[in-house]
Amino acid sequence: MCGIVGYIGDREAEEILVKGLERLEYRGYDSAGVAVVEAGGAAPEGAAGNGAVGDGQAKGGAAAIPSGRLAVRKKKGKVGQLREALGGTNGPRGGGLRGSVGIGHTRWATHGAPSDVNAHPHTPPDGRFALVHNGIIENYAALKERLQEKGREFESSTDTEVLVHLIDDVQQATGLPLEEAVRQALTQTVGAYGIVVASAENPDFLIAARNGSPLILGVGDDGEHFIGSDAAPLIEHTRQVVYLEDGEMAVVRRDGYDVKTIEGADLEKEIHELEWDLEEIEKGGYEHFMLKEIMEQPTALEDCMRGRINPDKGQVLLGGLTEVMDRLGSADRVILVACGTSWHAALVGEYLIESLAKVPVEVEYASEFRYREPILREGDVVIAISQSGETADTLAAVREAQERGALALGVCNVVGSTIARETDAGVYLHAGPEIGVASTKAFTCQVCVLAMIALAMAEGRTLADDQMQAHLDALAGVPDKVRTELKRDEEVADLAKVYRYAANFLYLGRGYNFPVALEGALKLKEISYIHAEGYPAAEMKHGPIALIDRFMPVVFIAMKDSTYDKVVSNIEEVAARDGAVIAITNADNHELDDLCEYVMRVPETMEYLSPLLTVVPLQLMSYHMAVMRGCDVDQPRNLAKSVTVE
Ligand code: G6P
């Protein structure tokens, strides 16, 4: 997730900004940059990128106040590399950037691969101001087209540069002060943003605006103010903070700040006292990244769907697949390749694509696919699913598919990762960085993307308009339902307490929830080291039933769907053998209360979306058991987040 830091005061800004970026490193990022308003003077050669930009002379209608210039440095890679590029006291300029107001950013790519050019801050062609942005501008493609028609050229592939040009365009056209131009430009954007703008023309001035991406203003002593995307870069300077809310904008000077709504109405903001320490802030107040990532799922799913589904029009728009959509929609066969949790998402994808788009699907372990000389025909489409985009076996499967002439698509979370680069087209999850080794939010976002792919394949082919609308309405409603179930965390923790000493667990489900049974079992064994197996519920009588006794908890996913009656029969069979049944079922279903030791309830949704809801209590249960058993939840023994070896 991108990070933002801003500073205005009397100290040198560079070190405060770079230190602030280091504090934000925990959020995950792939490039970093800073812009500092330096005292006036001619700008060095070269515009944005790795050099300094701006000459402090506003062009066009904007008021030209001769003052400073904006020096921008940005680098792909770690903050340490940015530090090196800045040169410090030994740098080519005999020191780093000189100025006491500036902004910084760590970027986690969403639009455009990680690179120096795509890194923030971004500036307009004359370098009059610099902007850092967290979030996604949904309508950036339409805005970009409009601005290109006016002759504007873009250096980067980011949505952020589009916003910069839009602000510039408004200011050039109207001559409004920067603050007003920012305000007007923001009213034309759709999507989520947290932005901070520094101006070369006004070295006593920062603008911060928020809609969907958090921003905090830190109020220091002696005319110092700080801005952060969270409190991590502020905490060593001040504990007095003002939280900006969605739709609010702040103009920050050394001697104070004004907060208004984006529409321009004045606001009185309360100052809060920060009580957390740095480690608590990094994990958003949660004890572990895994719990934070479980809790982030509603927003991750919203980000994943942002700008891609339009329930009113019954449309799905997956920009990354536009050029291959015809080929995908008319595919003879889809082969999903993946490893680990991503393979479980692929299994859900098989049900989704077959039932919605009526195209045959095969799911393969990437490691098996690559070595068994797969038979691929024209008309086959291979989709690789990988959170990291770097898993060695999945990457090899992509290369194998391409060598055999198949169209290879990617569903990755990490933008610019090898699989994302090497596949012919693809869809990003936009789930934000996943740091906990056990995958949680990436799984739900993978299922969400596969649902969107299935619906896009079905659009105009196998689903009528009204059916599409109903499906998309249901999909759009999922994040709030996940929010509801996350409120039951304490109930799940109580359950975990009861079973935390069990040595074995069995997870059973059918249909869409068979892969969830596998994922539930994997989560438990990964982080708590309890042996757990997942099976299709009907397979129980072909072996696992021999294991059932009162020491064997059996988790059934028993949603009221087309397989419900059969699952209940399986529950009866376990109960008859004294097995301890834990069931996951619909919120209002009490039919299982007497048969089961515990019932976890999840909200109602369409059958094909239920994995997005049923997996959540299983993630929480694994998490709590692992914590209660004293395990290292975020870095379980022997496991790696990204498996780049065979
Ligand atoms: C590792 C991770 C899993 C992940 C799997 C596949 O085993 O620990 O959480 O599901 O790799 O990773 P990928 O990045 O390709 O989804």
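Q: Which backbone N or O atom lies 3.3 Å from an oxygen atom of the ligand?
A: This is a predicted model, where local features need pLDDT of at least 70, side-chain atom pairs count only at pLDDT 80 or more, and totals for chains, interfaces and linings use all residues. Residues are numbered from 1 along each chain as its sequence is written, and side-chain values use heavy atoms, with hydrogens and water left out. A polar contact is a pair of N or O atoms within 3.5 Å. The backbone atom at 3.3 Å from a ligand oxygen belongs to valine 437.

Q: How much of the ligand's accessible area does the protein cover?
A: Accessible area comes from the Shrake-Rupley method with a 1.4 Å probe. The ligand has 380 Å² on its own, and the protein covers 91%.

Q: What is the distance from a polar side-chain atom of serine 388 to an oxygen atom of the ligand?
A: Serine 342 places a side-chain N or O atom 2.5 Å from a ligand oxygen. For serine 388, the distance is 2.6 Å.

Q: Which helix gives the most to the shell around the ligand?
A: The shell holds 13 residues, each with a heavy atom within 4 Å of the ligand. Helices are DSSP runs (H or I, at least four residues). Three shell residues come from the top contributor, residues 340-357, helix α10.

Q: What is the order of the five strands in the open sheet?
A: Strands are DSSP runs (E, at least two residues), and two pair if DSSP finds at least two bridges between them. The pairing is parallel. The edge strands are β18 and β21. The order is β18-β17-β19-β20-β21.

Definitions and conventions: Polar contact = N/O pair within 3.5 Å; in protein donor to acceptor, adjacent residues only side chain to side chain.
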